[in-house]
Amino acid sequence: MTDTKVTKSACEHWVCSVLSRYGWDTALTRDGLERTDILAVQTEGTDRETIEVQVKSLKSTGPVSSWPISVKAQRPALSQHEWYTLVLLDPDSLSAAPARS
């Protein structure tokens, strides 16, 4: 059985690291918010935009034809600040960055 919690955690941390490189300060919610895995605020400039990021993760060695996203996760955004990220981990190449699609 695949440990999806570990995959989800790895992907959330990776998204935080990428956002940080682009000038966002990030905080993991640790399952505390229903629609948000990461809270982020822009640290550069005067706007200080805030976003709520939901991370969808998948671990696969082959091509992915669809993402297993539940009907609940497909509900319309409650604000323009809700973002989705889709992260694909390759278990055969754990030191590499996740694939871009």
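## A walk through the model

Search the whole structure and you find one aromatic pair; rings of Phe, Tyr and Trp (its six-membered ring) pair if their centres lie within 6.5 Å, with planes under 30 degrees apart counted as stacked, over 60 as edge-to-face and the rest as tilted. Select W24 and W83: their rings sit 5.8 Å centre to centre with 65° between the planes, so they count as edge-to-face. The two partners are 59 residues apart, with W24 in strand 1 (residues 24–33) and W83 in strand 4 (residues 82–89). Helices (H or I, at least four residues) and strands (E, at least two) are DSSP runs, numbered from the N terminus.

Before moving on, know what you're looking at: this is a predicted model, where local features need pLDDT of at least 70 and side-chain atom pairs count only at pLDDT 80 or more, while totals for chains, interfaces and linings use all residues. Residues are numbered from 1 along each chain as its sequence is written, and side-chain values use heavy atoms, with hydrogens and water left out.

Is W24 buried or exposed? It is buried, because its relative accessibility is 9% and buried means under 20% relative accessible area, exposed over 50%, partly exposed in between (1.4 Å probe, protein chains only). W83, at 35%, counts as partly exposed.

In soluble globular proteins, nonpolar side chains tend to be buried together.

Now zoom in on C11. Leaving out residues up to four places away in sequence, C11 touches V55, S57, V87 and L89; contact means heavy atoms within 4.5 Å.

Next, pick K8 in helix 1 (residues 4–21). K8 is partly exposed, at 23%. Beyond residues up to four places away in sequence, K8 touches D31, D37 and S57. Show the side chains of K8 and D37 to see a polar contact at 3.0 Å. That term covers a pair of N or O atoms within 3.5 Å; within protein, one must be able to donate a hydrogen and the other to accept it, and residues adjacent in sequence count only if both atoms are side-chain atoms.

Last stop: T36 in strand 2 (residues 36–42). T36 is buried, at 4%, and touches T29, E52, V53 and Q54, not counting residues up to four places away in sequence.
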